[in-house]
Amino acid sequence: MTPPDAGRSGPHQVLLVVYAVFTLSAGARSLVQLATRASEAPVAYTLSLGAAVTYALGWFGIRRAAQGRTRFASWMLWVELGGVLAVGTLSLLERDWFPDASVWSDYGIDYGLVPAVLPVAGLLWLRTRDPDRAGNGTVAAFRVVALAEAASWLGLLTGMFFKYVVDAGAGGVHVFGPLHGVVFLSYVVVAALTWHDRRWSWPVGVVALAASVPPFGTLVFEEWARRSGRLR
Amino acid sequence: MAALDQISWVVVGYAVLVALAAGWSAYRWRERPPWLDSLAWMLEGLLVLRAVAGFGVLLSGHRPDEVSTHVGYLIASVCIVPLAVRSVQDDHGGWSLGVVAVAAITVAVISVRIVMTL
């Protein structure tokens, strides 16, 4: 549960510091690189600048979310996650475009993979902001895997985009294919447990399981189940 | 240069110690003890010493491979701890420990980068 003074003290303080540090480091790094040797790796340096802007907007969004307005943060964190996955996959497939690393190269390995973890941590925090989103352990687990399922779909779609649309190789699919498989199976298990725990009717339970098939279906189902009181 | 490297490595070790102390406090008390702020300010003292020595070396004529990056790290290293500690001045809750820990780890990473770019 969120205490009444959640706007002041809470996990968002840590998120805000990390976002501030990343805004500064990514921004300073890309500006110095663009100013002194832009021709060496223009794509990588420009992408780093884009990452810095995303972190600045993310910081702003989290501040707003801490005061109760979560919509902007929710959008920005998904954009950030998509950016990390896209740039990370691109850097694995098109080595030539990255003679020097960008912030999100190889999913942010230069920064200890924090760039890949940060948006997920932010999205998980956002879900605790809504009082009517709090629930028991099973419901909380369902929310986490529903989000993870959607995130792994995003990764898999990124990989498929580079494989089939850009024709840049199957590296991304090889990374996210198995990952998506594991998360998909966990979703099915947790959804079945939640079905039992929340005493959903048969049609609702079947829809919950089927929601894992289309991309982002789990998020749509979760939102519907929350609004119709089936996650209380 | 050897002396500068030594101060930098002492900073790294001490910053890690501050981060661990923050983690221990979170585990033990779930709030920020006053002595942790003192530890953090002592870390800041070391960082100022390191930055002054670093600028002294620059002024004496030594040129690192990437001057702008190196100077950027020197300036950033002394700004982070005061900003972090000030931002949680009136708040001694458990999450403020995370703020101090993140600041300490950031300073440790920057110190390693300072040695690498010298």
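**Note on the two-chain model**

1. Read along the sequence, chain B runs α-α-α-α. That is four helices and zero strands, where helices (H or I, at least four residues) and strands (E, at least two) are DSSP runs numbered from the N terminus. This is a predicted model, in which local features need pLDDT of at least 70 and side-chain atom pairs count only at pLDDT 80 or more, while totals for chains, interfaces and linings use all residues. Residues are numbered from 1 along each chain as its sequence is written, and chains are lettered from A and ligands numbered from 1 in the order in which they are written.

2. On the overall form of chain B, a compact globule of 118 residues would have a radius of gyration near 13 Å, and the 15 Å of chain B agrees with that. The radius is taken over C-alpha atoms, and the globule rule is 2.2 Å times the number of residues to the power 0.38. Along the principal axes, the C-alpha atoms of chain B fill a box of roughly 50 × 20 × 20 Å.

3. Of the 118 residues of chain B, 36% count as buried. A residue is buried if 20 or more other C-beta atoms lie within 10 Å of its own, exposed if 12 or fewer, and partly exposed in between, with C-beta atoms placed from the backbone. Among contacts in chain B with a separation of 6 or more, 81% are between residues 24 or more positions apart. Two residues are in contact if their C-beta atoms, placed from the backbone, lie within 7 Å.

4. Helix α1 of chain B has 27 residues, which should span 39 Å at 1.5 Å a residue; its end C-alpha atoms are 39 Å apart, which agrees. The expected span is 1.5 Å times one less than the number of residues in the helix. The buried residues of α1(B) are B:S8, B:V11, B:A15, B:V18, B:A19, B:A22 and B:S25. They pack against α2 and α4 (94-117) of chain B. An α-helix has 3.6 residues a turn, so residues three or four places apart point the same way.

5. B:R30 follows α1(B) and has a positive phi, near 60°. B:R30 sits in the loop between α1 (2-28) and α2 (34-59) of chain B. With 11 other C-beta atoms within 10 Å, B:R30 is exposed. Most residues other than glycine have a negative phi.

6. Chain A is divided into domain 1 (1-133) and domain 2 (135-232); the bounds come from an automatic or database domain assignment. The C-alpha centres of the two domains of chain A lie 23 Å apart. Between them, 14 residues of domain 1 of chain A are in contact with 14 residues of domain 2 of chain A. On the domain 1 side, the elements giving two or more residues are α3 (71-93) and α4 (114-127) of chain A. α3(A) gives the most, with eight residues. By class, this side of domain 1 has nine nonpolar, two polar and three charged residues. Ala, Val, Leu, Ile, Met, Phe, Trp, Tyr, Cys and Pro count as nonpolar, Asp, Glu, Lys and Arg as charged, and the others, Gly among them, as polar.

7. A:L85 is found in helix α3 of chain A. A:L85 counts as buried, with 25 C-beta neighbours inside 10 Å. Leaving out residues up to four places away in sequence, A:L85 touches A:L154, A:G155 and A:T158. The C-alpha atoms of A:L85 and A:D197 are separated by 34 Å, the two residues being 112 residues apart along the chain.

8. Helix α6 (residues 171-197) of chain A has 27 residues and reaches 39 Å from its first C-alpha to its last, close to the 39 Å expected at 1.5 Å a residue. Buried residues of α6(A) include A:F176, A:H180, A:V183, A:Y187 and A:W195. The buried residues of α6(A) pack against α3, α5 (137-165), α7 (202-210) and α8 (217-227) of chain A. Just after α6(A), A:R199 takes a positive phi of about 55°.

9. A:F216 is a residue other than glycine with a positive phi, near 65°. A:F216 lies in the loop between α7 and α8 of chain A. A:F216 is partly exposed, with 16 other C-beta atoms within 10 Å.

10. Between the chains, 13 residues of chain A are in contact with 15 residues of chain B. The side of chain A that touches chain B divides into eight nonpolar, four polar and one charged.
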